[in-house]
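The following report describes the secondary-structure packing of a single model. Please consult the sequence and structure shown here alongside the text.

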Amino acid sequence: MNGDLRIERVRWWHLSAIARMETAIFGPEAWSEGVLWSELAAGHDYRAVLDGADGDRIAGYAGTAFGDAEAWINNIAVDAAHRRRGIAAMLMDDLLARARAGGAKSVFLEVAVDNAPAQRLYDRYGFYGIGVRKNYYQHTGTDAAVMRMDL
């Protein structure tokens, strides 16, 4: 892996730290700890990158919902102090490998139309736009680009 960085499955004891990270990154659109609990209870797959050099602090996380032949990236985020270290790529590589292993033929996601860094990441992985959801982010009224990647 990347130095002291490792990927682990998200557990309930990680959720408060992830909820704080959500608030710092996504502001009014952040998912609460309760929503994150619901995601785990629904069987969605969440992975976190832990930084062993930083006391096992969560450096980033991603959530994925798997269906029969598709996967949906629910969220992906990297803590501001840990950016530019390849953490988003680690998470993407991991979730795409798990999607392939699970038989997914395509991966979908929504991303804010004004989130250029995330869109560049998805472009590098071969995602392409398939539509726009108007006012998808309710608190800000921001549109979401719907993207797809064929595996």
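## The pair α1 and α2

Helix α1 covers residues 15-26 and helix α2 residues 33-41, and the two pack at an angle of about 125 degrees with their axes 9 Å apart. Axes are lines fitted to C-alpha atoms, for helices over the stretch in contact, and angles run from 0 to 180 degrees between N-to-C directions. The helix α1 is therefore oblique to α2, given that angles under 35 degrees count as roughly parallel, over 145 as roughly antiparallel, 65 to 115 as roughly perpendicular and the rest as oblique.

On the α1 side, L15, S16, I18 and A19 make the contact, and on the α2 side E33, L36, W37 and L40 do; contact means heavy atoms within 4.5 Å. Six of these residues are nonpolar, one is polar and one is charged (Ala, Val, Leu, Ile, Met, Phe, Trp, Tyr, Cys and Pro count as nonpolar, Asp, Glu, Lys and Arg as charged, and the others, Gly among them, as polar).

## Basis of the description

The model is predicted: local features need pLDDT of at least 70, side-chain atom pairs count only at pLDDT 80 or more, and totals for chains, interfaces and linings use all residues. Residues are numbered from 1 along each chain as its sequence is written, and side-chain values use heavy atoms, with hydrogens and water left out.

Helices (H or I, at least four residues) and strands (E, at least two) are DSSP runs numbered from the N terminus.

## The sheet

Seven strands form an open sheet with mixed pairing, in the order β1-β2-β3-β4-β5-β7-β6; two strands pair if DSSP finds at least two bridges between them. Strands β1 (5-9) and β6 (128-137) are the edges, each pairing on one side only.

Strand β3 (residues 57-66) pairs with β4 in the antiparallel sense over seven bridges, and three residues separate the two strands in a hairpin. G60 has V78 of β4 as its bridge partner.
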